[in-house]
Amino acid sequence: MKEIKPKEEKGIVPTKVHGLKYMSIVAYSGEKTLPLRGADVSNALIELFSVTIWDYLNFLIIDMPPGISDVTLDMIRFVKNIEFLVVSTPSPLAFETVEKLLTLLMELKVSVIGVVENMKMKQSPFIRQKVAEAGIPFFGEIPFDPKVEDALGNVDLLLRTDFAKKLAEIVSKCFSLPI
Amino acid sequence: MHEWALAEAIISSTTQIAQKEGLKEVREVKIKVGELQQVELDILEFALSELKTAKFGTAQFIIEVVKAELKCRVCGHKWFFSKNKLDADSSEAIHFVPETIHAYIKCPKCGSPDFEVIEGRGIWIESIKGVK
Ligand SMILES: [Zn+2]
C-alpha cells in the first residue's frame, strides 16, 4: 500500500506503477472497509478528478464497476469525449446487463469502442453474435486463465500469462497500436 | 498541497461567472470551506493571491469555515466532526477524499458507518461582487 501512496504537490501527483500513472481511493482508505452509498461514491470520484494532476496522458483509463450506477452516469456527465470499452463474461445472464448499458450509451450518443468477452471457458459464439447484432465492434475473447490469481502483485509474472498476451492483442486492435 | 488545486478551481469558476455576468472587475469573493476538508487557510489564501489574474485587481477573498455536522442514518444521532480524535494518516485521507471518513469514523451512539455529512463538506463560492 505504501508504494502507491501519491505525492502531494499543488495537487495530488499519482504514483507510477510499471510506467503507468495510477490513482485510486484505496490510496487513502487502505485496507480499511469503506462502506459508501452511491452519492458518496460520486463525490469521492469528483474529488479525485479535481485534485489529481494527471499532466499529459496518452489515455486515461477508468476502471468502472459493472452496470449502470451513479458512477457510470457521472462519468458520462463529466468526462467529455469519454469512450466506453465494455467487458462482458460469456454468461447470457451477465450479457443482459451489458446489453442495457450498450442501449443507454447508444441512446445518449456516447461512443462505444467495442466489447471484449472475458473469462471465456468454453466455445460459444453467443456474445460475439449478440454484439454484432447490436452493430458494435467485437474485439475478441480472453480465455479464463487460472494463472492470473497467482501472478497478482507481480507485474512481470502477470505479463507472461496467456491472459496478458491475449489482452495485448486486443488492446493493439482497439487503438491500432503495434504489439 | 492540494490547496493550490482548490485555489485554481476558485479562480477559474469566478472568472467564468464574472464573464457570464459581464463584470469588468471582481472586487470581492466569499468562499465557504467545509471543515471536513481541513483546508490550510493560509496556503489557500496565498495560492489565491498568486493565481489571480488582472480581472481580480485588488479583490478581497473572504474565507469562512463551516463546521462539519454528521447524522447517523440508522439511529438519527447528530454530531460534529472532530479532527482531534483521528491519527495523522486518517486525517490526511479525509483531507484529500472526504468520503474516506466512512472508513475511519463511526456513529458514536450506535457504531454504524452509515451516516451522512449534512454540512461542512467541500468548498464553494458563496458570492461574488464586482463592477460592470
Ligand atoms: Zn447511529
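Helix 4 of chain A passes helix 5 of chain A in a right-handed crossing. The model is predicted. Two packed helices are described by the angle between their axes and the distance between the axes. Here helix 4 (residues 92-107) and helix 5 (residues 126-133) of chain A pack at about 20°, and their axes lie 11 Å apart. Angles under 35 degrees count as roughly parallel, so helix 4 of chain A and helix 5 of chain A are roughly parallel to each other.

Which residues make this contact? Helix 4 of chain A brings A:Pro92, A:Phe95 and A:Glu99. Helix 5 of chain A answers with A:Phe126, A:Ile127, A:Lys130 and A:Val131. Five residues of the contact are nonpolar, two are charged and none is polar.

Helix 4 of chain A also meets helix 3. The buried residues of helix 3 of chain A pack against helix 2, strand 5 (83-88) and helix 4 of that chain. Those buried residues of helix 3 (residues 70-78) are A:Val71, A:Thr72, A:Asp74, A:Met75 and A:Ile76.

Now to chain B. Its helix 1 covers residues 3-21, which is 19 residues. At 1.5 Å a residue it should span 27 Å, and its end C-alpha atoms are 27 Å apart, so the two agree. Just after helix 1 of chain B, B:Gly22 has a positive phi of about 70°.

What is buried in helix 1 of chain B? B:Glu3, B:Trp4, B:Ala5, B:Leu6, B:Ala7, B:Ile10, B:Ile11, B:Thr14 and B:Ala18 are. Their cover includes helix 2 (38-51) of chain A. From chain B it includes strand 1 (25-34), helix 2 (41-51), strand 2 (60-66), helix 3 (88-96) and strand 6 (123-131).

Note on methods
Residues numbered from 1 in each chain as written. Chains lettered and ligands numbered in written order. Predicted model: local features only at pLDDT ≥ 70, side-chain atom pairs only at ≥ 80, totals over all residues. Heavy atoms only, no water. Helix = DSSP H or I, 4+ residues; strand = E, 2+ residues; numbered from the N terminus. Expected span 1.5 Å × (residues − 1). Buried < 20%, exposed > 50% of the residue type's maximum accessible area, 1.4 Å probe, protein only. Contact = heavy atoms within 4.5 Å. Axes fitted to C-alpha atoms, helices over the stretch in contact; angles between N-to-C directions. Parallel < 35°, antiparallel > 145°, perpendicular 65-115°, else oblique. Left-handed = near helix turned anticlockwise from the far one by under 90°. Nonpolar A, V, L, I, M, F, W, Y, C, P; charged D, E, K, R; others polar.
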